[in-house]
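Open the model in your viewer and show it as a cartoon. The stops below say what to select and what is there.

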Amino acid sequence: MENMQAVNSFVAAYLKKKGFKEAEQLLEDLQNKDSAPIDFHNDPDLANFIHRFSPPEDEVARYRDGYSKLRSWTYSSLDLYKHELLRVLYPVFIHSFMDLVAKGHLQEARTFFNAFHEDHQLMHSRDLKKLEGVLSLSHLEEMEFARSLRQNKVNIKICQYSYDLLLQYLHKTQSSAMLGVVNEHINFQVISGQPGSISDDMEVVTLIGSCQDAANQINQKEIHWGLLEDSLEERLEKEGGLLSDSEKIEGENKEGDAEESKKRSAEGGKQGSSTKKLKKDKSVNTTAKSARPEAKTTSAAPRVKPELTLPIMSTEVEQSILEDLRNRVQLSSIALPSVSFYTFLNTHNGLNCSSISHDGSLVAGGFSNSSLKVWDTSKLGQQNGGSTVLGENDSTSIEHLAGPNGAKRSYTLFQGHSGPVYSATFSPHGDFILSASADTTIRLWSTKLNANLVCYKGHNYPVWDVQFSPVGHYFASASHDRTARIWSMDRIQPLRVMAGHLSDVDCVQWHANCNYIATGSSDRTVRLWDVQSGECVRIFIGHRSMILSLAMSPDGRYMASGDEDGTIMMWDLSSGRCVTPLMGHTSCVWTLAFSCEGTLLASGSADCTVKLWDVTTSTKAPRNEDKSGNPNRLRSLKTLPTKSTPVYSLRFSRRNLLFAAGVLSKNV
């Protein structure tokens, strides 16, 4: 009895010392109640109450031991379910770390982070670098990334059996810390059937909550993804002038047949060879027919009216484009494009960007020394006179570099920026070029006059990207100031400002009908904006790193986006959902381009390869294939490696020749 009183007095003194007045009052009430002794072992209510006010060492141990045991249990699970259960570890890890920081256990949180962060280094290295900088509670509250994680739940797709296994483990081990983290920060989307493929991991873990709710609401807005009315392609199709490869070969064969009949009447001895030639031509004709099952994908797209006032096209330019369209090569999975690759040499790590004109006749490079250089490919290797200054503007000149065997190679040097040039883009007809710079400006240059025409000022920070619209005259820019802006050549102020991204807007791309632009950001989202209203009409969530490149399909229905991790995602604009991820690149995807009829997608990467993807097998995949969990709906047709040249830009010409450009790198 005396021992119990001593224990009671000791507990009362401890509670008083720690300032737990409620617990102290409760203890006095229990002591005064019939003067009955307190049984700490058999009174669950009191045991739970004292457990709430246990020393902080126990709290730290609960997180550390709880996560360590969950990790060991997950890695020892059956292989069939292991990859699904492993998805749970990362959100549990980061929230356990942030919980320890929030409760003031800074040193213990750092020890916890260092002990387990290597498990997630491969998939989440950039997120971990950000969290590594969290050293105090104030950092947790001020850091935008950490605040977003704390305010939103992580959505994880998992099969029913994996979900049941996890719940059984958490209840069996009575791991209150882990159960609390899972309950508060993870939302499980339980699906029936077998576990998904391990390659689905890229798209099954997404952030939900206020961000996702807002995205879902925005994605309900109506968009018109069709092509412009009365386009040149449509007019050519109505006139019957857009011939397929097979029709071209048929026409050639008819002429050939007529010639052969004349030859047969004159020279009967050549009949055998003529028959062989005719059979060969017919076999080519058959191949061409089978190679173009999707030759007219754009003709099926709906037609929409333009929201912008379109520029008037000159008759000369129109005829040139129509001629290119008539001679377009139809591409498919068995008829791949020819590729012309331009390699920059001796840039001394100074080349930031490159651009190719629509016909491949001009190639531009933006450099760290604030210069823009344009090469005329028709003049490469030609002998030329001395250095000449063109026009009256000293900022533009023709310079010559000595090439191999003493040959002269000329380029046009455009100078005017006061900072590195990060992006350049040619107008559809090649008579203008835009450049975007770290000096916050965009400059318009004339490739015919070789002079700077306009300097556009509006952004407050470096401009990362600039792109001409498909019809010219209008262009869009993306900046470090988290905005994208729409401009017209005849006005020095922007027409629209698109604000909404949470971080840098790294790339921008126009829709085929010029009524929308897409922006990719370091906040790992892609947004689609209405150019007339300036409103965001779609948010695409799924990437795990910053988006570096965008491309729109010619029919305007699909969009491809490439990120820093090497992942490409194909999106359906009408639904806002990912059709399929494209896995294959091992480094940043810097450039994307659709073929003119939309059957192929080309991607260029820092891993020194160009990849060609079959688009039709993805966009026309049956529904039952989606349910089967097959991750390879969009197959890679061919990988074109370079020796040591990261790919900076890609461009399909109107005749479907693929142009590519990059810089020779000795460090790769």
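Begin with helix α5: at 1.5 Å a residue, its 24 residues should span 34 Å, and its end C-alpha atoms lie 35 Å apart, which agrees. The expected span is 1.5 Å times one less than the number of residues. Helices (H or I, at least four residues) and strands (E, at least two) are DSSP runs, numbered from the N terminus.

This is a predicted model, in which local features need pLDDT of at least 70 and side-chain atom pairs count only at pLDDT 80 or more, while totals for chains, interfaces and linings use all residues. Residues are numbered from 1 along each chain as its sequence is written, and side-chain values use heavy atoms, with hydrogens and water left out.

**Stop 1: α5 and its surroundings**

Select residues 79-102, which form α5. Of the 24 residues of this helix, 19 are buried, so α5 is largely enclosed by the rest of the structure. Buried means under 20% relative accessible area, exposed over 50% and partly exposed in between (1.4 Å probe, protein chains only). Just after α5, pick G104, which takes a positive phi of about 90°.

**Stop 2**

Axes are lines fitted to C-alpha atoms, for helices over the stretch in contact, and angles run from 0 to 180 degrees between N-to-C directions; angles under 35 degrees count as roughly parallel, over 145 as roughly antiparallel, 65 to 115 as roughly perpendicular and the rest as oblique.

Now show side chains. On α5 the contact is made by Y90, F93, I94, F97 and M98, and on α7 by H124, D127, L128 and L131. Contact means heavy atoms within 4.5 Å.

**Stop 3: the sheet β16-β17-β18-β19**

Move to an open sheet of four strands in the order β16-β17-β18-β19, paired antiparallel. Two strands pair if DSSP finds at least two bridges between them. The edge strands, each pairing on one side only, are β16 (463-468) and β19 (496-499). From one strand to the next, the twist averages 20°. Select 474-479 for β17, which is joined to β16 by five bridges in the antiparallel sense. Q467 stands opposite A476 in β17.

**Stop 4: the sheet β28-β29-β30-β31**

Finish at an open four-stranded sheet ordered β28-β29-β30-β31, with antiparallel pairing. Its edge strands are β28 (589-594) and β31 (636-641). Select 609-614 for β30, which five bridges join to β31. T609 stands opposite P641 in β31.
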